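Hi there,

Here is the structure I promised to pass on. Have a look at it first, and then read my notes below.

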Amino acid sequence: MPISPAGVTESELRELCEKTIARLDIAGAQIAVAIGETMVQAEAGVANAERDTPVTAETTFQIGSTTKVYTAVLMMQLADEGLVDLDRPVTDYLPDVRLATGEAWRTITPRLLMAMTSGLDNGPYTDTGRGDDAVAKYVALLERIPLVFAPGTAYGYSNASTNVSGLIVETLTGQCWDDVLRERILGPAGLTESVSLFEELPYHRPAVGRLPGSDTVVRPWCFSRGMAPSGSSLATTARDLARFGQLFLRRGRAADGTRILSEAAVATMQTPQADVPSRVFADSWCVGPYRKVWGGVEVFGHSGTTHNGSSTLLWIPEHDVAVAVVVNTPPRGYPFADAVFDAVLRDGLGLPKPQRPEPDAGLTFDPDDYVGRYDAWGVRYDVARQGGGLALTVRRMRDNDPATGEAEEPIHTLLHPIAPQRFLPADDAVTGNHTWDIAFTAGADGRIALLHNGAFAARRGD
């Protein structure tokens, strides 16, 4: 349903939330819209499907990779204090840590980590325990994994990159990531509805996941504290997430005027660093958030998904608007967000949000340019001819780790061209139901070198 062009009202937002979760088979959701200093919010559905617990305004949802922007803020705070130089090698801050096989990784800098151009593989999803050393244990796993590309030469989204950022934060502050997050962002910014430590969950109202068509909830609630900086544990409400977005709209200040980031740091975080090949996902990547351009208007943000929740945060400086959505049916999180942004931003506020592209049957391409095997840690993509077009088969190992020896069921789909070197999969399951496109980029020799599954990059192996 469209939102009234005159503005966003609570009743309209609640109706939008209720109708959209019913249409998409979502257990529960929240929406928050901040226009200037006015916050409008709505919620609907259940937080726990087995107990029929209703979602309230205080229910906290896991936000997944949207957490990466929080970690980037922590890094930029350290840069503000002169403790981090964005363009010095990471080895200056982590001298005893190896980040990949070989030696090329030694040129990785904090800027490359946050801009997703480090070349680090996305990495495993291994549980490294619940101790304060969990992040360090996770980063120690990376020394056995090859780079996907040479640092600074391409784009490739990486959980591992952000976990390395988290370890830098821990090393320079002498505290665990959770404590630094609470003391440097959540507390000073008044984000009281946000929680990352399990010990603090009883003092909040956490939502738990439910898959479409299921009556049971997802277990466990969190899969790895070691990946907390990249998005495994942080949970929050939509309105707290929107409040976080407002920090950028206020150029680094909280609602009470507390300085969280310098204006220069905010400007750096919103400066494009790399083009994103998969344009359904984003147009470019900055120092932490992604950047989209809708009819000449810059839109910044991030999205994320775990087994228990999904979130998207957008902020639009030109219009002084932040919008946040959270759900606890993760495979429907991105379609939910898209429906909300259509109604609130495109139809309600008149922002020219583009529609998802349609396949172009008239677009010609040579399938042989793309045929081959593409590899990342724990996942293999096989691109083959099918008829006059292309088919993609995705094979994943459990936890994205070949060491497990346990393979998931392969996913096979046709690829439909939408633009040069870009395709829509017929089965969105290959993107994890993120509604992304599949893109390819060429190396220095002009030959296709990388496959991009929306965010994630895989190197050609033949």
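Let me begin with a definition: rings of Phe, Tyr and Trp (its six-membered ring) count as a pair if their centres lie within 6.5 Å, and planes under 30 degrees apart are called stacked, over 60 edge-to-face and the rest tilted. Ring pairs of this kind link Tyr 155, Tyr 157, Phe 281, Trp 285, Tyr 290, Tyr 334, Trp 436 and Phe 456 into a cluster.

Before going further, please note that this is a predicted model, where local features need pLDDT of at least 70 and side-chain atom pairs count only at pLDDT 80 or more, while totals for chains, interfaces and linings use all residues. Residues are numbered from 1 along each chain as its sequence is written, and side-chain values use heavy atoms, with hydrogens and water left out.

By the ring rule, the count comes to 20 aromatic pairs. One of them is Tyr 155 with Trp 285, a tilted pair at 5.7 Å centre to centre with 40° between the planes. This pair links distant parts of the chain, 130 residues apart: Tyr 155 is in the loop between helix H4 (134–140) and helix H5 (159–173), and Trp 285 is in strand E8 (residues 284–285). Helices (H or I, at least four residues) and strands (E, at least two) are DSSP runs, numbered from the N terminus. Both Tyr 155 and Trp 285 are buried, meaning under 20% relative accessible area with a 1.4 Å probe, protein chains only.

Now to the strands, which pair if DSSP finds at least two bridges between them. An open sheet of nine strands runs in the order E3-E2-E1-E12-E11-E10-E9-E8-E7, with antiparallel pairing. Its edge strands are E3 (53–54) and E7 (274–275), each pairing on one side only. Seven bridges join E1 (residues 28–35) to E12 (residues 321–327), and Ile 31 stands opposite Val 325 there.

Elsewhere, E16 (residues 411–419) and E17 are antiparallel and joined by four bridges. They form a hairpin with two residues between them, and Gln 421 in the turn has a positive phi of about 65°. Arg 422 in E17 stands opposite Ala 419 and also opposite Ala 439 in E18.

Methods:
Buried < 20%, exposed > 50% of the residue type's maximum accessible area, 1.4 Å probe, protein only.
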